[in-house]
Amino acid sequence: MPGYVLTNFFIYAIVNAFTPGPGNILALNTVTNYGWKKGRPLFWGIFAGYYVVQIICAVFVYGVGAFLPRALQVMKYIGAAYILWLAIHIAMSSPEASDGRGSASFAKGYLLQFVNVKIYMFGITALTGFITAYSQSLWILVGFELLIATIGTIATSTWIGAGLLIQKFYVRHYQVINIVLAATLLECIWSMLRV
């Protein structure tokens, strides 16, 4: 595989991973509302779900190409509905909501990734756009998807770190910040449904 292909793969992966998406926005909102300690289960769920979804993408690209378009259509609408629910939840949340009601659960973060069409498209596009022309080995595809999940985990961790840095600012201006975050999620839905 030529070096320029790997370079383009990494550029695509880094840009895609660091842009706002449902996982990054939920992580940022959770850390500003609950802090690191209470939000940790959700973060681990986001990370674990990312890896599992990317392995699923590798398997799909490897052998289930005929099934993939229908599955992604269904996932797109399920994902849009869930992301809309998240946007509403974020817009209406406040720092006082961090009373230990269990909103920052592992399951919430994990399940988000299964309806997060952005990371399915991310993984599938990366493989079909950069890798499959040079190798269609399942293990190579899985390896690149695990690399994508690692880059995504680093990106989400960066969003979490940013949330920790702005936590005091957030408490003072949470309404405006939550509306901006919710609007960003609505834009994610819009871009998802346009395709």
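The lining of the largest cavity divides into 5 nonpolar, 8 polar and 1 charged residues, where Ala, Val, Leu, Ile, Met, Phe, Trp, Tyr, Cys and Pro count as nonpolar, Asp, Glu, Lys and Arg as charged, and the others, Gly among them, as polar. This is a predicted model, so keep in mind that local features need pLDDT of at least 70 and side-chain atom pairs count only at pLDDT 80 or more, while totals for chains, interfaces and linings use all residues. Residues are numbered from 1 along each chain as its sequence is written, and side-chain values use heavy atoms, with hydrogens and water left out.

Let us stay with the empty space for a moment. Rolling a probe the size of a water molecule over the atoms shows where empty space is left. Here a cavity is a set of points, on a 1 Å grid over the protein atoms alone, where a 1.4 Å probe fits but cannot get out, and its lining residues have an atom within 4 Å of a point. A volume is the space filled by probe spheres set on the points, with grid points joined across faces, edges and corners. The whole structure holds 2 cavities of 30 Å³ or more. The largest has about 90 Å³ of space and is lined by 14 residues, of which A17, N24, Y50, K118 and I119 lie nearest its centre. Two or more lining residues come from each of α1 (3-18), α2, α5 (117-131) and α6 (138-165), with helices taken as DSSP runs of H or I, at least four residues long, strands as runs of E, at least two long, and both numbered from the N terminus. The largest share, 4 residues, belongs to α2.

What does N24 touch, apart from its neighbours within four places in sequence? Its contacts are A17, F18, T19, A155, T156 and W159, a contact being heavy atoms within 4.5 Å. N24 sits in helix α2 (residues 22-63) and counts as buried because its relative accessibility is 4%. The cut-offs are under 20% relative accessible area for buried, over 50% for exposed, and partly exposed in between, with a 1.4 Å probe and protein chains only.

The second largest cavity has a volume of about 50 Å³. Of its 10 lining residues, N29, T30, Y34, H89 and K108 are the closest to its centre. Again α2 gives the most to this lining, with 6 residues, and the lining as a whole splits into 4 nonpolar, 5 polar and 1 charged.

Now for the packed regions. In soluble globular proteins, nonpolar side chains tend to be buried together. A nonpolar core is a set of buried Ala, Val, Leu, Ile, Met, Phe, Trp, Tyr and Cys residues joined through side-chain atoms within 4.5 Å. The largest one has 24 residues, and F9, Y50, F122, L127, I131, L141 and I148 have the most contacts inside it. At least two of its residues come from each of α1, α2, α5 and α6, and α5 gives the most, with 8 residues. Y50, which also lies among the residues nearest the centre of the largest cavity, is in contact with Q113, I119, F122, I148, A149, G152 and T153, leaving aside neighbours within four places in sequence. Apart from this core lies another, of 23 residues, including A87, A104, L112 and I160.

Q113 counts as buried because its relative accessibility is 1%. Beyond four places in sequence, Q113 is in contact with I46, G49, Y50, V53, I119 and Y120. The C-alpha atoms of Q113 and F47 are separated by 8.7 Å, although the two are 66 residues apart along the chain. In α4 (residues 106-114), the buried residues are K108, G109, L112 and Q113. Seen down the axis of α4, these fall within an arc of 135°, so they line one face of the helix; the arc is that of the directions from the helix axis to the C-beta atoms.

L186, in helix α7 (residues 167-194), counts as partly exposed because its relative accessibility is 43%. Outside the four neighbouring places in sequence, L186 is in contact with L84 and A87. L186 and I88 are 98 residues apart in sequence and 9.4 Å apart in space, C-alpha to C-alpha.

Finally, step back to the whole chain. There are 7 helices and 0 strands, and 47% of the 195 residues count as buried. Of the contacts with a separation of 6 or more, 87% join residues 24 or more positions apart.

Technical notes:
On a 1 Å grid over the protein atoms alone, a cavity is a set of points where a 1.4 Å probe fits but cannot get out, and a pocket is an open set with protein on both sides within 12 Å along at least five of seven lines; lining residues have an atom within 4 Å of a point.
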